[in-house]
Amino acid sequence: MAAATANEPVVIGDVVNHPAWRGQTQALNALGLRAAWSQAIKSADSRVIGVLALYFPTPRLPDPYHLRLAEVALPLCALALERETSRTVLQRLSLYDPLTGLPNRSLLYSQLEQAIDDMTLRGGQLAVMVI
């Protein structure tokens, strides 16, 4: 079962001999991967927003250090992913009308400024027609 759908960590101590990884042995050997541990990264409202995965070159189970590492990293990863999502939403709201989804005046000015800068560097001419 994939970590994104499991409610608990997925620990595979030897991926080469695990049925879920059958058929991928050649690729795993080429990458030097033998153990995989993964756990879902969940948002504040418990939605799965990513997966934290650790891979190792030798068959093994998690030790206390790696369990603690995952325990500390999961909320930090969730925070970073949620922050990036919020940043993307805010950027979209600043450049597009929320009702129609059409570009707004801020985006027009930004693109116009970029076009003027490009033409200035190229020594070209630019005309703007506003309807």
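Close-up 1. Arg 87 and Glu 84 form a salt bridge, with their closest N and O atoms 2.7 Å apart. A salt bridge is a side-chain nitrogen of Lys or Arg within 4 Å of a carboxyl oxygen of Asp or Glu. The two residues sit three apart in helix α2, so about one helical turn separates them. Helices are DSSP runs (H or I, at least four residues), numbered from the N terminus.

**Close-up 2. Glu 71 and Arg 68.** This pair also lies in helix α2, which covers residues 64-95. Three residues, about one turn of the helix, lie between the positions of Glu 71 and Arg 68. Their side chains meet in a salt bridge, 3.0 Å from N to O. Arg 68 is partly exposed, at 46% relative accessibility.

**Close-up 3. Arg 47 and Asp 45.** A salt bridge joins Arg 47 to Asp 45, and the closest N and O atoms are 3.1 Å apart. Arg 47 counts as partly exposed, at 48% relative accessibility. Asp 45 counts as exposed, at 52%. The count for the model comes to five salt bridges.

**Notes.** Residues are numbered from 1 along each chain as its sequence is written. In this predicted model, local features need pLDDT of at least 70, side-chain atom pairs count only at pLDDT 80 or more, totals for chains, interfaces and linings use all residues, and side-chain values use heavy atoms, leaving out hydrogens and water.

Key. Buried means under 20% relative accessible area, exposed over 50%, partly exposed in between (1.4 Å probe, protein chains only).
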